[in-house]
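Please take a look at the structure below. We will walk through it together, step by step.

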Amino acid sequence: MSVSPLLATALVGVGGALGAAGRHAVGLRIEGRRSVLLVNTLGSLALGAVSAAPIGSAATLLFGVGFCGAFTTFSSFAVGAVRTASETGVRAAATLAASNLAAALAAFVLGSSLAVAVAG
Amino acid sequence: MDRTPYGFLLVAAGGFLGAVARHAVDAGVAGVLTAASSGDRLIALGGVPPGAGTLVANVVGSFALGLLLTRASSDRVRLLVGTGALSSFTTYSTFVADAVALGTTAGAGYVAGSYAAGFAAAALGLAVGRRRR
């Protein structure tokens, strides 16, 4: 089933609004760089599941492109890494950068495997 | 402000716009790549490479967020444009998905390139924002 451009925009936008609000809620409870690591890991887990599950293009736009895309963030991560480098040192920034990648990659692969296992 | 319903509304409105803009950039970059190549080269690549649009959004968004955070005039602007729009315009989950889709060698190059360009862009945004206050 193909999705019209207008519906696609609405689905991505609504998913994005929910994802951003969810990320904000996490950010209010957990300190900055840790909250970015957490949302990036959880969002990658969810996107792994969404991309492996047979859910159709409308659901992929809403949950994958919209929600998971907006719940996770690269810009806050990049600004956080640059600030860590200048405040704490390059080594701490490298650790932050590597831990985001390792955690998100592992979560994405885990999410895909879980979806495949569940969907059979 | 951050914890109020109004704060969440600002973040959500920004998130709507940021996600839609990212989706548009993704389609736009794919269109430009298709138009710029003869077609044969893209066919050899197996179509538009995964991550091209995400890379553009992540680098542009990192620069803009660095700039915004050093110059944001109010909490309202920071929530709407920063936490909402720019943070949603950029994405880490799709970045990881694209890296996986590219395979080990190309994926590693994509991650290294995104990190280098994204950090440089964020640093530049912070520096420009501090200078022209």
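Among contacts in chain A between residues at least 6 apart in sequence, what percentage join residues at least 24 apart? The answer is 79%. Keep in mind as we go that this is a predicted model.

Let's stay with chain A and get to know its outline. Along its principal axes, the C-alpha trace of chain A spans about 50 × 30 × 25 Å. Chain A has 120 residues, and buried residues make up 50% of them.

Now let's see how two helices of this chain pack. For helix α2 (residues 32–52) and helix α3 (residues 56–71) of chain A, the axes come within 9 Å and cross at roughly 165 degrees. An angle over 145 degrees counts as roughly antiparallel, and therefore α2(A) is roughly antiparallel to α3(A). The crossing in which α2(A) passes α3(A) is left-handed. On the α2(A) side, the contact is made by A:Val39, A:Gly43, A:Ala46, A:Leu47, A:Val50 and A:Ser51. On the α3(A) side, you will find A:Thr60, A:Phe63, A:Gly64, A:Cys68 and A:Phe71. Sorted by class, this contact of α2(A) with α3(A) has 7 nonpolar, 4 polar and no charged residues.

Next, let's bring in chain B. How many residues of chain B are in contact with chain A? There are 41 of them, and they meet 37 residues of chain A. On the side of chain B that touches chain A, at least two residues are supplied by each of α1 (5–36), α3, α4 (75–89), α5 (93–102) and α6 (104–131) of chain B. The largest share of that side, 12 residues, comes from α1(B). By class, the residues on this side of chain B divide into 21 nonpolar, 17 polar and 3 charged.

One place to look at the two chains together is the pair formed by helix α1 (residues 5–29) of chain A and α4(B), whose axes come within 10 Å and cross at roughly 115 degrees. This crossing is right-handed. Here A:Gly16, A:Gly19, A:Ala20, A:Arg23 and A:His24 in α1(A) meet B:Thr83, B:Gly84, B:Ser87 and B:Ser88 in α4(B). The contact of α1(A) with α4(B) has 1 nonpolar, 7 polar and 1 charged residues.

Leaving aside residues up to four places away in sequence, A:Ala78 touches B:Ser62, B:Gly118, B:Phe119 and B:Ala122.

Is B:Asp2 buried or partly exposed? B:Asp2 is partly exposed, with 15 other C-beta atoms within 10 Å. Not counting residues up to four places away in sequence, B:Asp2 touches A:Leu28, B:Gly7 and B:Leu79. B:Asp2 and B:Val100 are 98 residues apart in sequence, and their C-alpha atoms are 35 Å apart in space.

How values were computed
Residues are numbered from 1 along each chain as its sequence is written. Chains are lettered from A and ligands numbered from 1 in the order in which they are written. This is a predicted model: local features need pLDDT of at least 70, side-chain atom pairs count only at pLDDT 80 or more; totals for chains, interfaces and linings use all residues. Axes are lines fitted to C-alpha atoms, for helices over the stretch in contact, and angles run from 0 to 180 degrees between N-to-C directions. Helices (H or I, at least four residues) and strands (E, at least two) are DSSP runs, numbered from the N terminus. Angles under 35 degrees count as roughly parallel, over 145 as roughly antiparallel, 65 to 115 as roughly perpendicular and the rest as oblique. A crossing is left-handed if the near helix is turned anticlockwise from the far one by less than a right angle, and right-handed if clockwise. Two residues are in contact if their C-beta atoms, placed from the backbone, lie within 7 Å. Ala, Val, Leu, Ile, Met, Phe, Trp, Tyr, Cys and Pro count as nonpolar, Asp, Glu, Lys and Arg as charged, and the others, Gly among them, as polar. A residue is buried if 20 or more other C-beta atoms lie within 10 Å of its own, exposed if 12 or fewer, and partly exposed in between; C-beta atoms are placed from the backbone.
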